[in-house]
Amino acid sequence: MSDGIDVGSPEEIEEGTARIVEPEESGFDEPIAVFHTETGCFFALNDICTHEEASLAEGWIEGETVECPLHSSSFDLRSGKVLGLPATEDARTHRVEVEDGRIVLYPGRDAEQAVRPSGPSAG
Amino acid sequence: MPLRRILVVGGGVAGFSAVRELRERGYDGELTLLSPEGLPYDRPPLSKGYLLGTEDAQKIRLVPEAWYAEHGVGLVPERASALRPSEGAVELSGGRLVPADRVLLATGSTPRRLGVAGGDTALTLRTRADADALRTALAPGARVAVVGAGLIGSEVASAAVVLGAEATLIDPVVPPLVPAVGRALAERLQGMHAERGVRTSVSVPVEITDDGGRRLVRLADGSAVEADVVVAGIGVVPETSLAEKSGLAADDGILVDAAGTTSNPAVFAAGDATRLRRPDGTLARRSEHWEAAVRSGQAAAAGLLGEAPPTFGAPWFWSDRHGVHVEAVGTLDERQAPDGRTVVRFVDGVPQAAFLLAADGRLLGCAVVDLPLMVRAARRIIDRGLVPDPAALSDPSADPRKLAR
Ligand SMILES: Cc1cc2nc3c(=O)[nH]c(=O)nc-3n(C[C@H](O)[C@H](O)[C@H](O)COP(=O)(O)OP(=O)(O)OC[C@H]3O[C@@H](n4cnc5c(N)ncnc54)[C@H](O)[C@@H]3O)c2cc1C
Ligand code: FES
């Protein structure tokens, strides 16, 4: 289990957008997207969609979901759960906290409300 | 009579979506999915990653095999040969009768054959087996003539040149796809063929001849295209034979209402095989896109259970060719907006998005090339009936995210 890393101040990620944290920075083996929702919350998922090669950070963030920019599968940002085809595998979550006015990402540590990011959950 | 046995005919994305939705809605009776092609898989990659060899059969299946057992779905790799509603059963091609209280037909469509002499020598692309055959034919240096420059024809030509083959696209309409994406984007997409080394020929085939291994596609303008392989991408025909044989109403598609109900109350239908009959009796255009198939499968699941189907917003499709991602939501067909107008967003002089506005300013459709957030914004604007500012739509610096808020 890794320690938290500082990924910036909350103002640095505009609401409704996301920032990608590359493996070099996080030490995790895949890029991680840190989302700032319009409800003011921060969430983190593996950036690459579980369907094909698309960056979820470039998706449409609405409420507490993100819609993939390629084929429109949506994922629940809180749990990583996939909400519709064509993707059928949940996205892996990572824990994010706001600590002393900084966004702290815990790469590889599941978010509190995460579903198990293992196999398909089509149903 | 309680509903205990549902049989779904056809394991495409419509049939699969219905099966999944039935379980999500809590149906816990018997559920059988007839899928003569075996484990259900997704078709869009067949003309994209699967054809290019970057995705394999395992990657394109809809869900892993274990899912069916986990959800109590009996997957039967057989065709249905007849519906026997009076006996409450469906007959399989092997002769076996499967009892069913309700049946869903999700039989999809099949490629339209090229109706000229020699036309049956043309390959078509609908199934994984078709894609495997095409992949073998698209060897480096092979000359490929693709008849039809619509979505699938253009994707095949695009894949062919990536694989090192020489491709010629034959279509009488220049540019194609104007009703689907608007003129500006249709012209941009057409122009990309030449940039990527795909030749285009503006005509229609009249005959395909084959003398001594020299295959020629003879065109109506008197010219001919020499090819090692001919592919036809000239549209699809809905698979209605089973339905028609059983006396169901069909007219270029099995006729259904919004809940998938056919003219027989025990039989429902969904996906590419169907055509919507509106409450006023008029017939909608048949959809041939992936999302519509998913949605109609979900709606039919509600219908099968006697529940109200969900309402869906504007339809959407995507297509990938020559390294760009094309998407459209709603309609770009100006004939559907008599006093409306089309607005185009250019980025550095290149059209990137097109919008069709109704006379009252509402958005009817949006098409984009590599601008995913815009089409997602547009979908919300359309579904919410908002009146967007046309200047913001065409301004390349206006953030799509802000437009739908
Ligand atoms: C190559 C290709 C690329 C595509 N790309 C895109 C894209 O990029 N974007 C997009 O939006 N759409 C795309 N589409 C369209 C999309 O895939 C279809 O709209 C969708 O597959 C329709 O699903 P369906 O379940 O209605 O029919 P189908 O997928 O055709 O499935 C029907 C199934 O029913 C089976 N069947 C038929 N008769 C019987 C019978 N008597 N008994 C048992 N089974 C039977 C068939 O074998 C078939 O497996 C593409 C289609 C193709 C072929
Ligand atoms: S890549 Fe995300 S849904 Fe296809």
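1. An oxygen atom of ligand 1 is 3.1 Å from a polar backbone atom of Trp290(B). This counts as a polar contact, that is, a pair of N or O atoms within 3.5 Å; within protein, one must be able to donate a hydrogen and the other to accept it, and residues adjacent in sequence count only if both atoms are side-chain atoms. The protein covers 94% of the 1,000 Å² of accessible area that ligand 1 has on its own (Shrake-Rupley method, 1.4 Å probe; for residues, only the protein chains shown count as cover).

2. On provenance: this is a predicted model, in which local features need pLDDT of at least 70 and side-chain atom pairs count only at pLDDT 80 or more, while totals for chains, interfaces and linings use all residues. Residues are numbered from 1 along each chain as its sequence is written, chains are lettered from A and ligands numbered from 1 in the order in which they are written, and side-chain values use heavy atoms, with hydrogens and water left out.

3. Two further contacts of ligand 1 deserve a look. An N or O atom in the side chain of Lys48(B) lies 2.6 Å from an oxygen atom of the ligand. For Ala14(B), a backbone N or O atom is 2.9 Å from a ligand oxygen.

4. The shell around ligand 1 holds 33 residues, the closest being Glu37(B), Arg43(B), Lys48(B), Arg126(B) and Asp272(B); a residue is near a molecule or strand if one of its heavy atoms lies within 4 Å of it. By class there are 15 nonpolar, eight polar and ten charged residues (Ala, Val, Leu, Ile, Met, Phe, Trp, Tyr, Cys and Pro are nonpolar; Asp, Glu, Lys and Arg are charged; the others, Gly among them, are polar).

5. In chain B, α1 (13-24), α6 (151-162), α10 (290-304) and β20 (316-321) each supply at least two residues of this shell. Helices (H or I, at least four residues) and strands (E, at least two) are DSSP runs, numbered from the N terminus. Ligand 1 lies between domain 1 (5-110 + 236-304) and domain 2 (119-232) of chain B, because both give residues to its shell; the domain bounds come from an automatic or database domain assignment.

6. Strand β15 (residues 229-232) of chain B is covered on both faces: Val229(B) and Val231(B) on one side, and Val230(B) and Ala232(B) on the other, are all buried (under 20% relative accessible area; exposed is over 50%, partly exposed in between; 1.4 Å probe, protein chains only). Four bridges join β15(B) to strand β9 (residues 143-147) of chain B, and the two run parallel. Within this pair, Val147(B) has Ala232(B) as its bridge partner.

7. Elsewhere in chain B, Val267(B) belongs to strand β18 (residues 267-269). Its relative accessibility is 4%, so Val267(B) counts as buried.

8. Chain A has one helix and nine strands. Of its 123 residues, 54% count as buried. Six strands form an open sheet in the order β1-β9-β8-β4-β3-β2, with antiparallel pairing; the edge strands, β1 (5-6) and β2 (17-21), each pair on one side only. Two strands pair if DSSP finds at least two bridges between them.

9. Inside that sheet, two bridges join β4 (residues 42-46) of chain A to β8 (residues 93-99) of chain A. Ala44(A) has His94(A) as its bridge partner in β8(A).

10. Thr17(A) is found in strand β2 of chain A. Thr17(A) has 15% relative accessibility and therefore counts as buried. A polar atom of its side chain lies 2.6 Å from the backbone oxygen of Glu14(A).
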